[in-house]
Amino acid sequence: MGEEEERGSSVLPREWGSPNVTSPDLDGLCSHINAKISNIKTLLQLRKIGQEPSLKTVLGKILHEMFLFNDFLNKMELECHHQERQRGHLKELQELIERDYDEAQHLEENMPFFLPNAVPPSTADAPAKKEEQSKEPETGRPKRPGKETKPVKEIPFVTVEEFESVPAYMRGRLSYNQVNSVIQEINKAVASKYKIMRQPLKSMSNAIRNLYFRFQEEETKDTKGEFFIVEADIEEFTQMKADKRFHSILTILRHCQRVREIRGSRLVRYAIC
């Protein structure tokens, strides 16, 4: 049979054209038939190999390796799906981190230099504490009530919304940071002034005592209980000058209800609201 197949294959040479069953010429048809005959020969040779006892063990090992390889491919496919899901989760996490980073960068770039002061704790519990103290039995000699020291007021910083609500003609070319820088300096001057006002006279130097007497002369009935400064205090305790720019900022502070003017004795006092 092998000799007949060889004779049959010699009738149709293999080198005649490429196999193309749709080709209308005879050469293409012969090439296609030769290719089919070659495949049949290969299958017959493989069938003969499978029938030989010496090769059955080898074929069994190959079959076993193929099953193992197929199982390995299945595991690889599952791992690929798992990695694909992990990649999707990591992409979502990356988007969240990028969004948080953009928000943090926006906050850093737009963080105001001056932040509003903290809200003081509520004094709602003060009456209750007073009642508890009044209920406690008095023992021994009654104590003389000491004079309470009133905390020095500070001007709260102007917020961005408040600054933007100021009329344009009043703001001019002044910036938000410039206004709050002046507030910071005014607070420094107020703190320095009332620190001197609360010192004992015996502990004062001559220069401090002269300032103390000037502060006393500037007090009027309208300034009782108020914390205020004058232009001389700004130049005394800060590096600022009471120039045109300073007065423009004071106008903004009056508009934002941070300070108010108290006039009298040819002197303008700026009291903290």
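Contact here means heavy atoms within 4.5 Å. The model is a predicted one, in which local features need pLDDT of at least 70 and side-chain atom pairs count only at pLDDT 80 or more, while totals for chains, interfaces and linings use all residues. Residues are numbered from 1 along each chain as its sequence is written, and side-chain values use heavy atoms, with hydrogens and water left out.

**View A. Surroundings of Ile186 in the largest nonpolar core.** Leaving aside residues up to four places away in sequence, Ile186 touches Ile155, Ile229, Ile234, Phe246, Leu250 and Leu253. The core, a set of buried Ala, Val, Leu, Ile, Met, Phe, Trp, Tyr and Cys residues joined through side-chain atoms within 4.5 Å, has 38 residues, and Ile186 and Leu253 have the most contacts inside it. Among the elements giving two or more residues to this core are helix 7 (176–197), helix 8 (206–218) and helix 9 (231–237), helices being DSSP runs of H or I of at least four residues and strands runs of E of at least two, numbered from the N terminus. Helix 7 gives the most, with 10 residues.

**View B. An open sheet of three strands in the order 1-3-2.** Its pairing is antiparallel, two strands being paired if DSSP finds at least two bridges between them. Strand 1 (228–229) and strand 2 (259–264) are the edge strands, each pairing on one side only. Two bridges join strand 1 to strand 3 (residues 267–272), and Ile229 stands opposite Tyr270 in strand 3.

**View C. Cys30, a buried cysteine.** Cys30 counts as buried (under 20% relative accessible area, with a 1.4 Å probe and protein chains only) because its relative accessibility is 7%.

Note on methods
Buried < 20%, exposed > 50% of the residue type's maximum accessible area, 1.4 Å probe, protein only.
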